[in-house]
Amino acid sequence: MTCASCSGRVERALKKVAGVQEATVNLATESARIVYADHADMPARLRRAVRDAGYEVRTTAQVDALESVSPWADFGPVALGALLSAPLALPMLGDVLGQHWMLPAWIQFLLATPVQFILGARFYRAGWHALLALSGNMDLLVSIGTTAGWALSVWLWLHAPDGSTPHLYFEGSAVVITLVLLGKWLEARAKRQTTSAIRALHALKPELAHWVGPDGEVDVPVSDVLVGDRLAVKPGERFPVDGTLTEGQTQVDESMLTGEPLPVLKVAGDALTGGSINGDGRILLQVTAVGVDTVLAHIIRLVEDAQAAKAPIQRLVDKVSAVFVPVVLLLALFTLLGWWLTGHPFETAVIHAVAVLVIACPCALGLATPAAIMAGTGVAAQYGILIKDAQALELAHRVDVVAFDKTGTLTVGRPRLEALLVADGASLGADDLGAADEALRIAACLQSGSEHPLARAVLADASEKRIAVASPQNLQAVAGRGTQGDVDAIHYCLGSLRWMDELGVDWSALRDRALALQAEGATVSALAQGSTSGYRLRALLAFSDAPKHGAAAALEALRARGIRLVMVSGDNWGAAQAMARRLGLRPQSGEVIAEVLPGDKAALVTQLKSSDRPTPHTVAMVGDGVNDAPALAAADVGLAMGNGTDVAMHAAGITLMRGDLALVAAALDISDRTVAKIRQNLFWAFAYNVAGIPLAALGYLNPVVAGAAMALSSVSVMTNALLLKRWRPPTTTPTPETKPGDAVRTGAFG
């Protein structure tokens, strides 16, 4: 494909295939993403549709071969075209210097004809297919324009009086084709650079693994490794697949996954990710995922999806491109007739019409958006920001409200059981340890099997005290409230104080202590025992969590961008406000919303979108848990923490591969930069045509200058997009000119 009209024609052809629900074709990646009803012969029907539209589907092997070629690949036709065109263009330079160098007509013909019909054959083939499809594209414009210039030159040569030397235009057609070939070669070279992020990710996969079997280590292809196998990884090697460390201890470089350059200590039982680099220890791992199920394969798939996706702004470009070529053909015809009918020579009219055809090629228009998206998503992935779809990338720069889940997002997410208050007025003295341990045992039984952070804290405390935990009966999770079940044939409820009020539990005896703990930032839960006469309080459990390192600075950096911050918590108001103050949030300014049930988070996001101003807010939601998934999907932009659950990451448009909240500001920043590049590219693409077509029609541009401008437009768009590869995430490091805690934004474009 060569321009936006090509991608539009392929897209229309694919959508006409019965069973295709959705098809988007990306000019920059030269790929299509198709959603279709499963059918045995559907791939063959799709390939035929592409072939009937005048194009050919590349195999995986062909794509791999193209990606591994030399930077100077396919430069031969450009060099040959330049060699043949240079003698033709030399007289133009001579005219500027006052010299009149003119080659004989037959030599001009011999030099220009191979360029026109051999090197330019690709334009004729593609243009012919466009005509058969009753459509138009860049190749059709170039082929018609240059053929007109070549044919006019032949006609003038053959009809010239004997002994005269007419002015011919062979140099125009030959130089235009050479310049277009040069532009397409530079464009292809730039495309290979924009896909470098994908190639770098593919390069992280080792080809061999050290399989540990009954007879020792055997090197096998990674494709032969199965889940459950044991593999050895030597110091300095990349982990071939995902697994769990079973023997040894090492430091692991996970920068390919998280963007974090510091090695991470791994001990037995820790998860290992394929593609990351083993440090200084030989270890054994047990395979947990292979092939397309690995984290690295998931990352590659996300980046490929984002780069192949079509941004909303591209739909406008597609509509323009659909009518662009027919309009240009009409303008060229009007130019021809206008000059000819006003008394000018026919050859002059043809040359001006040719200039209109050449300068109007919509190459830059089709590349403006996808080139910037490819570069932006690629560099973001290098720093641990996975952008799943182009819509999220385009919307993120407009975000003016960011809502954060508290536990696991703003906080470390590993709360500890700080206090256990036994009911009936008892305190935790030495004489009461039996009652406290019994309450802890019952709570641990109710929480066994749960993955909730508070449940893990209860189980960890019980394990430290060597308290035996039995499985409960009739266990049931009550959404947003807690857990209930039977322990030793007695019914218990463990959950929030709000739930206790709903159950009619009297906890007034411990109210003062509970409120004091909440004021200090603790999350307080209650254990109640059921009976025929209702529920009575057995104990209160107080949990504390710590803010994430760097969270306060990251929040202040977002506030400095003019963004409203909101912390969403299921905790009571006291605990939520205490944690908010530790994070630097301002409860008095409405930056804290507490006692929110998990099922109500999505509704809260919708509420944040609506406002008292004419236009709604653009809301981003940052979360990590299963209960955050509806809110992530409801937000304009969902950002999932990569250390969270798979459900959250699937619901979000952007995944932050490490729990560093500074990546939230970085994600918004790369969106800003990418959208700015898209707008710059579209401006220049339209500006070339809006300014160039009238100038060519009025006779101020000859075909050679028009061809150079057209080639330059495509190259400038790709080069401008590639500047995004210099992007670096903003930092929040204090400098001597600031006080600790101030946000400093440096190196954003170093």
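This is a predicted model: local features need pLDDT of at least 70, side-chain atom pairs count only at pLDDT 80 or more; totals for chains, interfaces and linings use all residues.
**Exposed residues, strand pairing and nonpolar cores**

D488 lies in the loop between β16 (482-487) and β17 (490-496), and its phi is near 55°, a positive value in a residue other than glycine. A positive phi was also found for N474, where the angle is about 55° although this residue is not a glycine. N474, however, is found in strand β15 (residues 473-478), and it counts as exposed because its relative accessibility is 60%.

The protein as a whole has 27 helices and 24 strands. Of its 750 residues, 51% are buried. When contacts between residues at least 6 apart in sequence are considered, 67% of them join residues at least 24 apart.

The strands may be considered next. Strands of a sheet pair through backbone hydrogen bonds, and this pairing is either parallel or antiparallel. Seven strands form an open sheet, in which the order is β12-β24-β23-β22-β13-β20-β21 and the pairing is mixed. The edges of this sheet are formed by β12 (385-387) and β21 (592-593), each of which pairs on one side only. Within the sheet, strand β23 (residues 637-641) and strand β24 (residues 654-656) run parallel and are joined by three bridges, with M641 standing opposite L656 in β24.

Antiparallel pairing is seen around strand β19 (residues 534-544), which is joined to strand β18 (residues 523-531) by nine bridges. A hairpin connects β18 to β19 through two residues, and A526 has L540 in β19 as its bridge partner. Strand β14 (residues 416-422) also pairs with β19 in the antiparallel sense, over six bridges, and here V422 stands opposite A539 in β19.

In β7, T250 and V252 make up a covered face, whereas Q251 and D253 make up an uncovered one. β7 pairs with β8 in the antiparallel sense over three bridges, and the bridge partner of T250 in β8 is K266. Two bridges also join β7 to strand β10 (residues 277-278), and these two strands run antiparallel, with D253 standing opposite I277 in β10.

K266 itself lies in strand β8 (residues 264-266). Although lysine is classed as charged, K266 counts as buried, because its relative accessibility of 11% falls under the 20% limit. Once its neighbours within four places in sequence are left aside, K266 is in contact with L245, Q249, T250, V252, E254, A271 and L272. Among these contacts are T250 and V252, the two residues of the covered face of β7.

Helix packing is illustrated by one pair. Two packed helices are described by the angle between their axes and the distance between the axes. The axes of helix α5 (residues 105-119) and helix α6 (residues 121-132) come within 4 Å and cross at roughly 40°. This angle makes α5 oblique to α6, because angles under 35 degrees count as roughly parallel and those from 65 to 115 as roughly perpendicular. The contact brings together Q116, F117, I118 and L119 in α5 with A121, R122 and Y124 in α6. By type, these residues divide into five nonpolar, one polar and one charged.

Finally, the nonpolar interior was examined. In soluble globular proteins, nonpolar side chains tend to be buried together. The largest nonpolar core has 63 residues, of which L14, F123, V180, V328 and I359 touch the most other members. Helix α13 (residues 346-359) contributes the largest share of this core, namely ten residues. When residues up to four places away in sequence are not counted, L14 touches V20, A23, V25, A32, I34, L46, A49 and V50. Apart from this core lies another, made up of 62 residues, including A375, M567, L661 and A721.

How values were computed. Residues are numbered from 1 along each chain as its sequence is written. Side-chain values use heavy atoms; hydrogens and water are left out. Axes are lines fitted to C-alpha atoms, for helices over the stretch in contact, and angles run from 0 to 180 degrees between N-to-C directions. Angles under 35 degrees count as roughly parallel, over 145 as roughly antiparallel, 65 to 115 as roughly perpendicular and the rest as oblique. Contact means heavy atoms within 4.5 Å. Buried means under 20% relative accessible area, exposed over 50%, partly exposed in between (1.4 Å probe, protein chains only). Two strands pair if DSSP finds at least two bridges between them. A nonpolar core is a set of buried Ala, Val, Leu, Ile, Met, Phe, Trp, Tyr and Cys residues joined through side-chain atoms within 4.5 Å.
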